[in-house]
Amino acid sequence: MGRYLLHRLALAIPTLLVVSIVVFVLQKLLPGDAATLMTADADLSADDLTRIRAALGLDKSWPVQYLVWMWGVVQGDFGTSLNTKLPVLEVILDKLPVTFQLASMAIVISVGIGVPLGVIAALKRGSAVDYGVNAAGLSGLSIPPFWFGIMLILAFSVELNWFPASGYVSPAEDFWASLHTMILPAIVLASENIAILMRHTRSAMLGVLKQDYVRTARAKGLFERVVVVRHALRNALIPVITLGAIEFGRLLGGAVLTEQVFTIPGFGKLLVDGVFTRDYPIVQGVVLVAACCYIALNFLADAAYASVNPRIRAR
Amino acid sequence: MRFETLRRFATASLIALAFAAPAAHAQPAQNTLRIGLTADPDALDPMLGRTLVGRMVFSSMCDTLVDYNEKLEFVPRLAESWQWAANGKTLTLRIRANAFFHDGSPVDAAAVKASLDRARSNPQSLRRSELGPIAETVVIDAQTLRLDLRSAFIPLLAQFADRGGMIVNAKPAEAAGQEFARNPICAGPYRFAERVAQDRIVLQRFDRHWEKDQYHFDRVVYLPIPDATVRLANVQAGSVDMIERILPTDLPNARRDRRLKLADAVELGWNSIIINTNNGAKADNVLGKDKRVREALELSLDRDILNRAAHAGEFVVGNQPFAPGTPYYAKELPPKPRNVARARELLREAGVPNASFTLMVPNDTERNAVAQIIQQMAREAGFDIKLQVVDFATSIAMSQKGDFEAYLLSWSGRVDPDGNVHTFFHSTGAQNDSKFVSPIIDNALDKARELTDPGERLKLYSAATAVLLDERPRIFTYHRKWFFAYSSRLSDFTANPDGMIRVRGLRWNAQ
């Protein structure tokens, strides 16, 4: 078991290296750099641009630029944002709790709504309830988040004044205000995942409900609730939990549209702005940290699997 | 988890939410002004700043040497007076005696010199070209600074009303290097307090400011809210007190709302189609080489319909680098009305009845709509326009390399006319991406830099404009309006053509 996990951990390092190299090269392939963008709103001569590129280290060759960055990262220095001159690590550490909170709330809402709906749809298979739940789920999946977000803001912030229209309050500052501010964006973000989790729970439940042990449980005369929750759902949830972990990992990479609409200072917006302003250190830093989160979640899932599945442990 | 436990958890969550609802959304204290910006500003060091939203923050934090009012007349700030030498080669500034930096040190002539010298010499400075005409800065006495110029350069005063004239405390700035942007020390009415990237910038009232009586808020908080509709929703919901840049299509909604007041001003900048006439291989096509084709393109456009369809008729149509109604607009050269028949005729004369070209468009809602309308209008005259939508940074890189045939681009505008033409149309201009060359324009624009008399300058700019309208290296289309919405509880806001929100004088209504 220990060796297996160590092996998985060792694999993480080349994965991160490859991710950082790919992202670095992709960025460099985009036309223009941070200095180019400066010319859009300031009168800069060709000499000015050469000087600025040299000062920012953009005149060096790609491998040198990458190695300089990587050498910094190894020493815990993620560099400075080319655009705001703020330290990248500080900016990322500011965003990480925001993104984590939004992703967690979205996952809690998705699981809290998606799983029960999936169970109900499976139990009432082929009925109006099943079709209704499916239709609602598909709507959640199909509604564009920016539109849904704006509708929620207009209804609950502008008209009813129940929730703030946007912004972010840290839970450390005011826990309830933080929860309150994040509810609408978490709902928007969850709307897509609810449908995904609902569909998976439904099909997993349908599979499990046909199993012999469920029939046996019923034959024993157990209450239907006990059969469904303790015998069927518990087994059906295993693939759903895996899916939930993957979705959570994806959300930690940032949710650009939702963050944009609700003006939440999270990873997604930071990353997209970084790409558009050619802020290489920001993009590199965010991708590296997001990849670390993703790998860590996968690692935890692997560890959990290994602990429950002797076949994996023995490999 | 047992069903019962699940049910308890769900009930507890609902109760928690119900309690949370009234607790949050608390209004901050009345003496905080919250301003919603279109984007997160860049580096908060005037030497490094490049964005309009950055200027917005600077306008509260970093006093300039001079400023201008809504009529574009220069008014004193840190420089209480100034004097040009008769030959335009020397500018003498009298620095006010009661100004202080946020760290308490005085702003005197030596401090102004140090700040200007930093912006003129730092390798990362974006101000080097703007302040380039200064040959030497000479301290005459504690309050007097003389600037010796390489040649007469009247637009320098306008640079001093922008980031080029924002005075920072150079000693700590030099010591901090680029870290200075994390804790800038200027001499404005508000000092830097806190910045959380993409979330907020907080400024705190500076009690030793020389004009503190004109500033009525203890704190000013800038919040980036990129989506225009959401920005409006925020000011409607009271989550912010003021916003900039309302979409024309959102104006009816904003005007109906009694919780809001609106203000607007026509921008100093312009919107245009840049045509590659002389920059590399892509200039080698009918549009770039034959001015009759460019004329046909202009005649195929109906600027009024463009304005109505893309901007709800709220912007101002224009055909020059200066907006109608501004001092340097050439009244004798108004826009020509649409004439599709003549456009077709011109294309036939040029031998290309179905002229085809690619229009590069930076990817945003406004310019996408404008490009599509242009495409449809020009089609009626026989043009086949392909749209190439790319992100902004890519479009700039391609435009500089000459990798475009036509390009839709805006300019935010400068108060001195020089800033709206020289860099774009002078043969040596850094942003002359068409590489357009006209000795008449070069001569007029250079000469206008040396003159102080507005009448004489108008003649020169009009001569340059006439060439531009004939040769059409650019086709100017319209001038945007800056629309601001703010809480009806606020008074005394005046919109300025530069689009800045000046907090000076702005106050809560008397209770």
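**Close-up views of a predicted two-chain model**

**View 1. The two domains of chain A.** In this predicted model, chain A is divided into domain 1, covering residues 2-74, and domain 2, covering residues 95-276. Taken over their C-alpha atoms, the centres of domain 1 of chain A and domain 2 of chain A lie 36 Å apart.

**View 2. Helix 5 of chain A crossing helix 8 of chain A.** Two packed helices are described by the angle between their axes and the distance between the axes. For helix 5 of chain A and helix 8 of chain A, the axes come within 5 Å and cross at roughly 35°, and the crossing is right-handed. Sorted by class, the residues in the contact of helix 5 of chain A with helix 8 of chain A are 23 nonpolar, 7 polar and 2 charged.

**View 3. The interface between chain A and chain B.** Here 54 residues of chain A are in contact with 50 residues of chain B. Several helices of chain A each supply at least two residues of the side that touches chain B, among them helix 2 (34-38), helix 3 (46-56), helix 5 (88-123), helix 8 (175-209) and helix 10 (224-252). Further along chain A, helix 11 (256-262) and helix 12 (267-276) also each supply at least two residues of this side. By class, the side of chain A that touches chain B divides into 29 nonpolar, 16 polar and 9 charged residues.

**View 4. Chain B as a whole.** The secondary structure of chain B comes to 16 helices and 21 strands, and along its principal axes the C-alpha trace of chain B spans about 80 × 75 × 45 Å. The radius of gyration of chain B is 25 Å, which agrees with the value near 24 Å that a compact globule of 511 residues would have.

**View 5. Domain 1 of chain B against domain 2 of chain B.** The domain assignment of chain B gives domain 1 as three segments (10-61 + 188-267 + 481-508), domain 2 as residues 66-169 and domain 3 as residues 270-479. The centres of domain 1 of chain B and domain 2 of chain B, taken over C-alpha atoms, are separated by 29 Å, and 16 residues of domain 1 of chain B are in contact with 18 residues of domain 2 of chain B. On the side of domain 1 of chain B that touches domain 2 of chain B, there are 9 nonpolar, 3 polar and 4 charged residues.

**View 6. A four-stranded open sheet in chain B.** In chain B, 4 strands form an open sheet in the order 4-5-7-6, with antiparallel pairing. Strand 4 (79-84) and strand 6 (134-141) of chain B are the edge strands, each pairing on one side only, and the twist averages 20° from one strand to the next. Strand 4 of chain B is joined by 5 bridges to strand 5 (residues 90-95) of chain B, the two running antiparallel, and within this pair Ser81(B) stands opposite Arg94(B). Helix 3 (residues 109-121) of chain B packs on the sheet, where this helix touches strand 5, strand 6 and strand 7 (144-149) of chain B and has a direction that makes about 165° with that of strand 6 of chain B.

**View 7. The hairpin of strand 8 and strand 9 of chain B.** Strand 8 (residues 190-196) of chain B is joined by 6 bridges to strand 9 (residues 200-205) of chain B, and the two run antiparallel. Tyr190(B) stands opposite Arg205(B) of strand 9 of chain B. These two strands of chain B form a hairpin with 3 residues between them, and Gln198(B) in the turn has a positive phi of about 65°.

Conventions: Residues are numbered from 1 along each chain as its sequence is written. Chains are lettered from A and ligands numbered from 1 in the order in which they are written. This is a predicted model: local features need pLDDT of at least 70, side-chain atom pairs count only at pLDDT 80 or more; totals for chains, interfaces and linings use all residues. Two residues are in contact if their C-beta atoms, placed from the backbone, lie within 7 Å. Ala, Val, Leu, Ile, Met, Phe, Trp, Tyr, Cys and Pro count as nonpolar, Asp, Glu, Lys and Arg as charged, and the others, Gly among them, as polar. Domain bounds come from an automatic or database domain assignment. Two strands pair if DSSP finds at least two bridges between them. Axes are lines fitted to C-alpha atoms, for helices over the stretch in contact, and angles run from 0 to 180 degrees between N-to-C directions. A crossing is left-handed if the near helix is turned anticlockwise from the far one by less than a right angle, and right-handed if clockwise. The radius of gyration is taken over C-alpha atoms; the globule rule is 2.2 Å times the number of residues to the power 0.38.
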